[in-house]
Amino acid sequence: CDLETKITAFHDRVRHVRENSDFPFELIANMDETPVYLDMIPSRTVNKKGKRSILVRSTNSEKRRITAVMCCNAAGKFLPTLAIFKGKTLRALKGITPPHGIHVRAQKNAWIDKDLMLYWIQNIWKAFTKGRPSLLILDRCKAHLEDSVKDAFQKCNTTTILIPGGCTSVVQPLDVSLNKPIKDHLRSQWTGYMIKKSEESEQQETPLEKIPPPSKQLICEWLEVAVSKLSSNPVVVKKSFQVTGISNALGAF
């Protein structure tokens, strides 16, 4: 079918590039953007047995989000994460002290654009590869397709391979194996935050009508811990490149 044809063509392209360049696994990577919502309401609740009604609390921020730009390589390592907050200028980042391994930037819609792609290439990707020949797997996000972005990758000595449309759930390592455990950890942190804030509110003379959303600083700290937790298990990261057919032995294609 069409999907199988696209996947086969993608794997053929990966094999061809790897055969001609012999990249070490450290320099074979996948980069992806994923939304992180400020309200991460779980699908289940925990309460005392026998209680007839359960109040599911939120911060009324269900539609507010940031974008986390993550990148990992076939050797099992995560590169620093770029957290993009909503804001027209860097003033939106006031009060944030980025934890180790986290970069922060602002964009009017909290999404990746050409300028932020160039920032990521210069400050995260290039800082890691140091101009060594490298291979980066990307989806077809509009910002990845900009001519200035392509030129910047070329200057970094980086070959990019674009994932065919409709195939990211099959051949993108971050989508297949890694984004979910990171978001699960973030949801766990959010749940703990909500429980703590709810208990504090109930002890006040006038309980809060709504819980304030977690601060930008706290979101950055949660994100750093979530990525670090996954980074501490490089076998899982390596396997994500194997099951997607990117780092398989060349003779196995």
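Modeller: Confidence first: pLDDT is the predictor's own score for each residue, running from 0 to 100. This is a predicted model, with local features needing pLDDT of at least 70 and side-chain atom pairs 80 or more, while totals for chains, interfaces and linings take in all residues. Numbering starts at 1 along each chain as its sequence is written, and side-chain values use heavy atoms, without hydrogens or water.

The chain averages 89, and 87% of its residues score at least 70. Residues 43-49 fall below 50, with three contacts (heavy atoms within 4.5 Å) beyond near neighbours in sequence. Residues 51-62 also stay under 50, yet the model gives them 32 contacts beyond four places in sequence.

Now the part I'd zoom in on: the largest nonpolar core, with 46 residues. That means buried Ala, Val, Leu, Ile, Met, Phe, Trp, Tyr and Cys joined through side-chain atoms within 4.5 Å, buried being under 20% relative accessible area with a 1.4 Å probe, protein chains only. Phe 10, Phe 78, Phe 85, Val 104, Ile 137 and Ile 182 have the most contacts inside it. Take Val 104: leaving out residues up to four places away in sequence, Val 104 touches Leu 82, Ala 83, Phe 85, Leu 93, Ile 96, Pro 98 and Cys 220.

Key. Buried < 20%, exposed > 50% of the residue type's maximum accessible area, 1.4 Å probe, protein only.
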